[in-house]
Amino acid sequence: MAVARGRPPGGRQQILGILLFVILVGMSIYSIMSPARSDQAQEAQAREVPLSEITRGYADKAFTKIAIRDNKVFATMSSGSLLSSYKESTDSVSDLGWNDPRNPTVVEVENREAANIFLAILPDLLFFLLIIGGVIWLFRGIARSQSTALSFGKSRARVADATQVKSRFVDVAGCKEAKEDLVEVVDFLKNPRKYINLGAKIPKGVLLVGSPGTGKTLLARAVAGEAGVPFFSMAGSEFVEMFVGVGASRVRDLFLRAKRNSPSIIFIDEIDAVGRQRGGAGFGGGHDEREQTLNQILTEMDGFEQGTNVIVIAATNRPDVLDIALLRPGRFDRRIFIDKPDLEAREQILRVHCRNKKLAKGVRLHDIAKQTVGLTGADLENIMNEAAIFAAKRQHVSLTQRDLVDATEKVTVGPEKRSRKLTPHEKEITAYHELGHAIVGHLCPQSDQLHKISIVSRGAALGVTWFLPQEDTYTTSRSKFLDEICGLLGGRAAEKLVFDEITTGASSDIERASQIARAMAMRYGMGDGDLGPVSYGEKQGTMFLGAEAAVARNYSEEMARKIDEFVKKTLQDQYERAVEFLQQHESKLESLAKVLMKKETMTVDEFLDIFEGRKEVPDTPEEPEVEESLSEEETEGTATV
């Protein structure tokens, strides 16, 4: 893209303003320092006498000089004193008899009216220039206002040409299927004739759908970088203003600029800001500014003008609210869903984000990928950045496995709060609570594998127990749900068994367990008895991807009572099951609690050594040494509080 070079805007006006200022300052200095000023100071000290006295003095040759300035006469005596008088304006030197050639007195006649005319009109001139400057400033302000008003409807899209877009598909890890769909778009932009000769049409639009942080914007930039075409990017919210018609005008200007630079790509981020369903409840009237903007987008994408080599890529995480006219063939022909990355994709993403980072020997990104189930590409980038920060704080020359693990724990669970000091009794309750989760979860066959136990505060939790999924799963069985509920209630069961008391520490566990049991009855058809394979509750309103929608009640009071009974019975049965597990291994619970209260953190290997009897627990465990590095086998996953 060529860039015009020359005098910067407003340079000529600045030069003229500086020149005018210099002239005014020069005139002021001249008026102050001029000889007339010094003469006037001397004349003010002259003694005034009648004109006849000066005439006699001239005849007596008592003066060395007589100066006539306008109608005033100044006579300088031989002693240096000065006399002054006035003459008639009609009197000349000859009329006064001061033209005797034999008289040595010097007679000078000076007409100051011409010399002082500029100084006389200087105040008026300055006032006139001030008025002229004010008028010019006023008209220029009006012109700027009109220019701003006229440019209000211009597109504010950010433009990047082929040399500015550095992203390529190799920079986008994971998203294999999405990249394959977009490769065809790139090929059409590069070789449109190959498709046109066969009667194929260019896809008008590509809609990228995915949760926040999955890489929708990065994919769009990669398409522009691979195709080597101008890239116009704009957010959906930037179209709409308070003035009617501005949004539609900006859409027209955006597409006009893109067509002039075709082949090109238009990227509209968060298109749901202007692409919502028209006429729906809660979305405004049928003819508001947003709908005019949407109508203009629909017309530009598939109106009377055909054959434009411009592709529109839009991104959203709310596909359910988009107008159906946007989604029909001829507009957004392709809808590409970008899911959260799986294990292989997460490892690839981590390798992309560590390109500019130095890794120590023995670092295994596969382990980090295993413990980050459910995280997006943006989350993984944040983990690598936090790991680099940890390495810098610890004076490391490269990123170690410990840095990566600590960064993962910080991002997924929260930073440690070692400054939060628990009382000995609270620390003991927390240790038994977390070990209750660990033992029950370990004994439940469908539970995820135990990874680590800690009674160091993180976020709002006093302790955390991690369970790590061994692989990515996309379905969940009924028995796994029940085992998860049992593991969640293990903490409360341990408190009751050991202390014969319950605390508020299990509040979040009970809440999560209740949500799982209610979802089994209402969403998944896993309820017992009369509930049957029926879905209860109707989703209402709109929702973001990854968030739950509001549920409206569409079932009777009798069915609501049965759902409540199922939830209560399920939690009670699993609680009794957890108590039974802990009663069978009460001695192991006591031994593990002694070690955990001393060390504060326990790995799965240390847990199994004691739980399976491979290692005896001393009565007074030794103080643990501060770990400088974690084993390569240590990973992290979901946590139970």
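Phe 231 counts as buried, at 2% relative accessibility, where buried denotes under 20% relative accessible area, exposed over 50% and partly exposed the range in between (1.4 Å probe, protein chains only). The structure is a predicted model, in which local features need pLDDT of at least 70 and side-chain atom pairs count only at pLDDT 80 or more, while totals for chains, interfaces and linings use all residues. Residues are numbered from 1 along each chain as its sequence is written, and side-chain values use heavy atoms, with hydrogens and water left out.

Rings of Phe, Tyr and Trp (its six-membered ring) were taken to pair if their centres lie within 6.5 Å, with planes under 30 degrees apart classed as stacked, over 60 as edge-to-face and the rest as tilted; by this rule the count comes to 6 aromatic pairs. In one of them, Phe 231 and Phe 267 are stacked, at 6.0 Å centre to centre and with 20° between the planes. Phe 231 belongs to strand β8 (residues 231-235) and Phe 267 to strand β9 (residues 264-269), so the pair ties together parts that are 36 residues apart in sequence; helices (H or I, at least four residues) and strands (E, at least two) are DSSP runs, numbered from the N terminus. Phe 267 also counts as buried, at 3% relative accessibility. Tyr 536 and Tyr 555 form an edge-to-face pair, at 6.0 Å centre to centre and with 85° between the planes. This pair links distant parts of the chain, Tyr 536 lying in the loop between α20 (507-522) and β14 (538-540) and Tyr 555 in the loop between β15 (550-552) and α21 (557-584), 19 residues apart.

A nonpolar core is here a set of buried Ala, Val, Leu, Ile, Met, Phe, Trp, Tyr and Cys residues joined through side-chain atoms within 4.5 Å. The largest such core has 49 residues, and those with the most contacts inside it are Ile 453, Ile 485, Met 520, Leu 592 and Phe 607. Among the elements that give two or more residues to this core are α17 (424-443), β12 (449-454) and α18 (478-488), whereas α21 gives the most, with 10 residues. Apart from it lies another core, of 28 residues, which includes Val 172, Val 185, Leu 208 and Phe 267.

With a disulfide defined as a pair of cysteine sulfur atoms within 2.5 Å, the structure holds 0 disulfides. The sulfur of Cys 486 is 3.9 Å from the closest cysteine sulfur, in Cys 444, which is too far for a bond, and Cys 486 is buried, with a relative accessible area of 0%.
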